[in-house]
Amino acid sequence: MLRIDKLNFSYGAIKALTDVSLMAATGSVTCILGPNGAGKTTLLQTVAGLLKPSAGSIQFDGENIISLSPSALVKKGIALVPENRLIFPEMTVRENLIVGAYLRLNKMQKSDFKFEIDKIYARFPILDKRSDQLGGTLSGGEQQMLAIGRALMSGPQFLLMDEPSLGLAPKIIDEIFEIIKELKQDGLSVLLVEQNAVKSLKIADYFFLLDQGQVSYQGGADDLENDAHIRKAYLGEKS
Amino acid sequence: MVITSVDVIQSIIDGILYGSIYALIGVGFTLIFGAMQKLNMAYAASSIAGAYCGLGISAVLSLNLLVTFFLGPLVGGLIGILVYLVCFRFIPSREHLGSLMASIGALFLIDEIIVHETDGSPLNFPELGIFSEAYFLVGEFGFRGDLIFVLIVSLLAMTSIILMLYRTKYGLAARAVSQQMNAAILCGINPHKVNASTFFLAGVLGGLAGCLAAAAVGVISPLLILPLTIKGLIATVIGGLGSIKGAIIAGLLLGGFESLFLLVRGVNERDIYVFLLLFLFLVFKPNGMFGSIIDRD
């Protein structure tokens with residue numbers, strides 16, 4: 001379980017997160033919704049250790065992880081699929097996946113390694129086809145799958161995903177959300193940041209709304225759907 | 001003096017062989033530029049300093065030339081790490097001029113230290129034994145044994161670096177950091193460690209280049225620093241910033257070009273033409289011969 005308590009973060013004088021508290025239960029998909037600039041990406045980057053918060057705590061399975069480095073967090077089983085995918089453009093798809101397993105390279109046998117990569121290829125058959133192609137030549141949807149595959153190569157228990165649907169065609173978005181559902185079925189916990197509220201409602205168990213760096217609402221999928229204000233603001237429904 | 005076609009080709013051959021030193025320095029600049037998107041202006045200075053230390057330690061302990069060629073690169077690598085720590089590690093990466101200015105400072109500092117320690121006079125660098133005496137004739141053209149040695153050692157060193165980049169775990173991490181640093185961090189790679197290793201490796205190449213240059217010229221002097229800095233940078237730019245292959249080819253061609261103009265126009269005008277070549281590239285082919293046009297965000 002991931003538990004964030006009264007987290008604060010500022011970019012210089014600009015406050016990005018103010019006393020953000022939230023919980024993401026093991027084995028579930030927790031979704032953070034919010035408009036651009038609400039602090040969603042900042043929040044995920046803080047959890048992944050890329051940014052150091054000015055105050056607050058982050059606990060993972062009861063242990064305070066706030067001072068850990070990104071690599072220590074990967075070792076603990078927390079992996080971030082970053083916004084805009086950030087794949088390695090001049091490496092092949094296969095090499096991108098190998099870098100994902102960087103911290104396990106010494107421990108893994110060659111056969112284990114092949115097994116892990118084959119698991120990713122089974123989940124994303126298109127990556128198998130593109131195995132020797134450079135990452136920079138992939139389409140947006142393929143890059144997103146590669147970014148998810150790369151994060152999975154570190155063997156995570158908890159996957160942080162930053163707007164995986166960003167800039168993708170509707171059909172591909174459906175595929176990505178289907179994959180998130182499968183990941184949950186396989187026992188992974190997911191903390192998902194999204195702007196696409198309609199799609200998120202179908203797969204997430206619990207929601208937090210982030211607005212100007214503060215949690216403005218939280219509840220289950222049913223609560224969210226039945227809340228008139230939320231329907232208007234986030235589901236694009238006319239009153 | 002009448003210049004025959006044999007003279008022209010002979011001078012180009014000599015130049016290309018000596019150009020392998022420019023290629024080495026160019027590859028070093030490229031490695032560091034690839035890692036941090038920054039130029040390390042102190043690079044050729046630390047290379048010559050490495051060669052000085054190698055020579056000095058061997059002289060004090062009366063060890064042979066082979067040891068000099070081992071110690072020079074080693075010290076070059078250590079100075080590389082020092083330069084990284086002082087000029088790059090703690091200066092925020094968005095401050096593009098910060099590291100550049102710091103490394104120019106390091107260039108002058110290293111130069112001054114060498115001048116003070118040696119009273120500004122050049123030291124004899126031991127000749128390359130049997131290689132210095134060897135001279136191979138192929139038809140009408142001659143190949144100097146010491147320059148052949150320089151070329152072979154340089155090519156071996158550059159091949160090893162390329163193999164390290166594409167076949168080892170360090171290489172994987174270095175390429176990851178160079179292409180997309182945040183993603184590399186998220187995969188558990190520590191970019192500071194990787195960059196320190198890159199500066200070390202580049203420094204090893206530089207120390208080797210310093211020893212080779214000194215051996216080919218017969219003396220080592222702080223006066224080697226400026227030409228190596230400038231010609232290494234020109235090789236890097238003409239080859240295409242960030243391209244190792246480009247730096248190697250450009251370094252060799254630059255050597256040949258320079259030697260040709262030494263023959264045709266003399267030593268006073270030689271560098272004018274070298275800069276003209278750089279100017280032409282900057283105007284007509286600013287990405288160099290193998291410059292990457294992939295945008296890195």
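**Before you start**

This is a predicted model, where local features need pLDDT of at least 70, side-chain atom pairs count only at pLDDT 80 or more, and totals for chains, interfaces and linings use all residues. Residues are numbered from 1 along each chain as its sequence is written, chains are lettered from A and ligands numbered from 1 in the order in which they are written, and side-chain values use heavy atoms, with hydrogens and water left out.

**Exercise 1. Get to know chain A**

Work out how many helices and strands chain A has, and what its radius of gyration is.

*Solution.* 
- Start with the secondary structure: chain A has 10 helices and 10 strands. Helices (H or I, at least four residues) and strands (E, at least two) are DSSP runs, numbered from the N terminus.
- Next, the radius of gyration, taken over C-alpha atoms: the globule rule is 2.2 Å times the number of residues to the power 0.38. A compact globule with 239 residues would come out near 18 Å, and chain A agrees because its own value is 18 Å.
- Then look along the principal axes, where the C-alpha trace of chain A spans about 55 × 40 × 30 Å.
- Finish with the inside: 53% of the 239 residues in chain A are buried. Buried means under 20% relative accessible area, exposed over 50%, and partly exposed in between (1.4 Å probe, protein chains only).

**Exercise 2. Zoom in on S200(A)**

Find the helix that holds S200(A), and decide whether S200(A) is buried or exposed.

*Solution.* 
- Find S200(A) in helix 8 of chain A, residues 197-203.
- Check the accessibility: S200(A) has 0%, so it counts as buried.
- Now list contacts (heavy atoms within 4.5 Å). Skipping neighbours within four places in sequence, S200(A) touches C31(A), L33(A), F177(A), E194(A) and F207(A).

**Exercise 3. Two spots in chain B**

Where do G15(B) and L224(B) sit, and which residues does each one touch?

*Solution.* 
- Take G15(B), which is part of helix 1 of chain B, residues 5-36. Its relative accessible area is 4%, so G15(B) is buried.
- Leave out residues up to four places away in sequence, and G15(B) is in contact with L252(B), G255(B), G256(B) and S259(B). Although G15(B) and F257(B) are 242 residues apart along the chain, their C-alpha atoms are separated by 7.1 Å.
- Move on to L224(B), in the loop between strand 4 (219-220) and helix 10 (225-239) of chain B. With 13% relative accessibility, L224(B) is buried too.
- Beyond its neighbours within four places in sequence, L224(B) touches I48(B), A214(B), V217(B) and V219(B). For A183(B), 41 residues away along the chain, the C-alpha separation from L224(B) is 40 Å.

**Exercise 4. Where the chains meet**

How many residues of each chain are in contact, and which side chains meet in a salt bridge?

*Solution.* 
- Count the residues: 18 of chain B are in contact with 22 of chain A.
- Look at the buried area, about 1900 Å², with 70% from carbon and sulfur atoms. This is the accessible area (1.4 Å probe) that two parts lose on being put together, summed over both.
- A salt bridge needs a side-chain nitrogen of Lys or Arg within 4 Å of a carboxyl oxygen of Asp or Glu. The rule finds one across this interface: E95(A) with R175(B), at 2.9 Å, N to O.
- Last, see which elements of chain B give two or more residues to the side touching chain A: helix 7 (169-179) and helix 8 (181-186). Helix 7 gives the most, with six residues.
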